[in-house]
Amino acid sequence: HSNHIQKSSRSYQMHLKLKYTAEQEYPDLSQHNNHMAKVLTSEMYANLRDKETSSGFTLDDVIQTGVDNPGHPFIMTVGCVAGDEETYEVFKDLMDPVIEDRHGGYKPTDKHKTDLNPDNLQGGDDLDPNYVLSSRVRTGRSIRGFCLPPHCSRGERRTIENLSIETLASLEGDLKGKYYALKNMTEEEQQQLIDDHFLFDKPVSPLLLASGMARDWPDGRGIWHNDSKTFLVWVNEEDHLRVISMQKGGNMREVFTRFCTGLTKIEELFKERGHEFMWNEHLGYILTCPSNLGTGLRAGVHVKLPNVSKHEKFSEILKRLRLQKRGTGGVDTAAVGGVFDISNADRLGFSEVELVQMVVDGVNLLVEMEKRLEAGESIDDMMPEQK
Amino acid sequence: MASSFSRILSSKRHIGILTLVGGSVTAGFLLHREHVSAGVPVRRRYPASAEFPDLRKHNNCMASNLTPAIYAKLCDRATPNGFTLDEAIQTGVDNPGHPFIKTVGMVAGDEESYEVFADLLDPVIKERHNGYDPRAMRHPTDLESSKIQSGHFDERYVLSSRVRTGRSIRGLSLPPACTRAERREVERVVVDALSGLKGDLTGKYYSLTQMTEKEQQQLIDDHFLFDKPVSPLLTCAGMARDWPDARGIWHNNEKTFLIWVNEEDHTRVISMEKGGNMKRVFERFCRGLKEVERLIQERGWEFMWNERLGYILTCPSNLGTGLRAGVHVKLPLLGKDPRFSKILDNLRLQKRGTGGVDTAAVGGVFDISNLDRLGQSEVQLVQTVIDGVNYLIECEKRLEKGQDIKVPAPIKLFK
């Protein structure tokens, strides 16, 4: 008994897999169209399959969502996730090319710049409110030392929740707010959160479910928001934390300032308690999905563009401005009444300030174009250069 | 049931000697059985109390039986394949309850799960199977269809007859836990064996990944094609991973014997035909099963089975016989009678709609089948269905004539 080598259950699972050859285990990706499937050859699979992070996250865990979801009709999905910070190291051979493909040629040697100083933003306080209905900036943060949603245990998830509650409870001034745990909220609280468009549901997308991030729902999940309802934190949805600053109208500068102030303050408060965010100088902020690395930032507006959106060059204009369009329900929804969600297309390789600047400048241009078209004038002379 | 050690050694399987000693194929299984129930250690970062699931809003058999003490005892162990308690109960944690049925709320990842997690599975089994105690009782297996009496129903009432069960291949993990290679091995072993079936059982395999549009449409028209599971009860248990890799359907040319490969179990075996000849359906069922068993044994494999639990399947609700024998039967008058449910209960039968579980009856046509799975043999359960359905038809006829019907005395369980 004392001589017996104590292996953990994870090693036994690995041992079981290694009874078979790499070929026998290699997934059938012949029908697939996602970044993981494009990159994961059988040779790469053979090289990586016996590796695991120190928390026991394996290659099969990383790619399960991409194996189970061959492709999205309109968007090239990523097809892999991280289970912890180490995933991006241990499975570098897969992650690096996926990241390069997804983030416009970002190289394994590139450095990512973080800039959360709102003073570096120029303008942005006067997007025309006749067109810009609302402004919003979101990002995510992961707490170093814990596994990410696809892999965390109930104990870890609860610890993340408790840490977040404690930390957010220290926020003051216009950031002072309240936490609503999903499993404890009253009917009334729930209805209010729905009316405010704050409440997030259990994920239904198979892209998310297949990676295991909805396990144990709604245990350890909740929503925090400030009293003025302009700063919101989601706990344990697709990431440890999703941080959102938003308000009606076109004052993106104010939204971004609150965003930066809030994030910086939260980070300070976590550090006081001995915790920091997952970050490194190559990948910036580490999040569950490789698509959200770097800034994890999506800054966007709901803006009325009924004329511009019908222009034959609309897609080209957005591409040159490094912007993307979505419907007003968010990703995978349609635009209603000519109102579009316009946001930055990039996440990694540009700083937060740079991305918000692109949105501010780009939306200003789009609104000018809209006004021209309304007046029956051409916009040919307004075509932007590729940023 | 147990194969001899020498036959295993001479089999043509391409699994190394390592597995014979450390894995769960028959001889190895018997050799280290006494070590199995201890399981292997699990690396834990948090104490059991921090990990115990919140089951306060839950209503399933797992939630009713999982105490913090049992969780603390079992969360430190895993099966030799590395399957853990958390994985076994995940579906029950994620799915608090079904509106009409008390669900089981846990699954097995391999044969050893039923040993290593016996402290939880035994009471769950006892609750689900009406008091069957795996520690004290033995499950009878009987596939002698000649013992069936009067198995031909009045076809003015019975539209179709069907018997299904499942079988698992010993030595390979079950759908919640299997790797892609194991799943493909299940497919290979089963398809290889099925190609040896002859006579009225001669048939063909249609792999889900390779079937043509035309084949797919035909299988849909025949009501044979199964889809990727959508029920969260199944998807949360991990059995839909890598879909549709290594999944498929085999059926005989006459379309009366059908096998699903790698859906909720390694195999689901179905015998069916239009009309009321349940005896013939069951005869084909038994013959087909025995023949498939013989064919896999020739190749050095066998089904998971033991005398405590009978045939081992993924869901504890399907242990024992794993058998559901049923008919589609027209009972428009009885179906509206307030005593219908009680009559069914006492006859140990259950009703479903004609779309299967969780569907409604259409046009007074009900799916009537046995309630029980474990503790009685296949022959006993099919006889119960035959006797019960005959009784229901008698009731319907009496109601047609304006005569009264009687609720029968309840049948004794565990004969």
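How much area do chain A and chain B bury between them? The answer is about 3,100 Å², with 41% of it on carbon and sulfur atoms. The views below take a closer look.

This is a predicted model, so local features need pLDDT of at least 70 and side-chain atom pairs count only at pLDDT 80 or more, while totals for chains, interfaces and linings use all residues. Residues are numbered from 1 along each chain as its sequence is written, chains are lettered from A and ligands numbered from 1 in the order in which they are written, and side-chain values use heavy atoms, with hydrogens and water left out.

**View 1. The interface of chain A and chain B.** Here 41 residues of chain A are in contact with 44 residues of chain B, contact being heavy atoms within 4.5 Å. Buried area is the accessible area (1.4 Å probe) that two parts lose on being put together, summed over both.

View 2. The rule finds four salt bridges between chain A and chain B; each is a side-chain nitrogen of Lys or Arg within 4 Å of a carboxyl oxygen of Asp or Glu. A:K183 and B:D54 form a salt bridge through their side chains, at 3.0 Å from N to O.

**View 3. The side of chain A that touches chain B.** In chain A, α1 (9–18), α2 (22–25), α5 (59–68) and α8 (154–168) each supply at least two residues of this side. Helices (H or I, at least four residues) and strands (E, at least two) are DSSP runs, numbered from the N terminus. With seven residues, α1(A) gives the most. The residues of this side divide into eleven nonpolar, 13 polar and 17 charged. Ala, Val, Leu, Ile, Met, Phe, Trp, Tyr, Cys and Pro count as nonpolar, Asp, Glu, Lys and Arg as charged, and the others, Gly among them, as polar.

**View 4. A mostly covered helix of chain B.** In α8(B), residues 85–94, nine of ten residues are buried. Buried means under 20% relative accessible area (1.4 Å probe, protein chains only). Among the buried residues are B:L85, B:I89 and B:V93. Their cover includes α8 of chain A, together with α6 (61–65), α7 (68–74), β2 (77–78), α10 (118–128) and α13 (232–235) of chain B.

**View 5. B:T179 at chain A.** B:T179 lies in the loop between β3 (158–167) and α11 (180–194) of chain B. B:T179 is buried, with a relative accessible area of 7%. Leaving out residues up to four places away in sequence, B:T179 touches A:L16, A:K17 and A:E25. With the side chain of A:E25, the side chain of B:T179 makes a polar contact at 2.7 Å.

View 6. Most residues other than glycine have a negative phi, and most peptide bonds are trans. A cis peptide bond joins A:W217 and A:P218, with omega about 0°, and the bond from B:W243 to B:P244 is cis, with omega near 0°. B:P244 sits in the loop between α13 and β5 (248–252) of chain B, and B:A246 is found in the loop between α13 and β5 of chain B. B:A246 has a positive phi of about 60° although it is not a glycine, and B:A246 is buried at 4% relative accessibility.

Definitions and conventions
Buried < 20%, exposed > 50% of the residue type's maximum accessible area, 1.4 Å probe, protein only. Polar contact = N/O pair within 3.5 Å; in protein donor to acceptor, adjacent residues only side chain to side chain.
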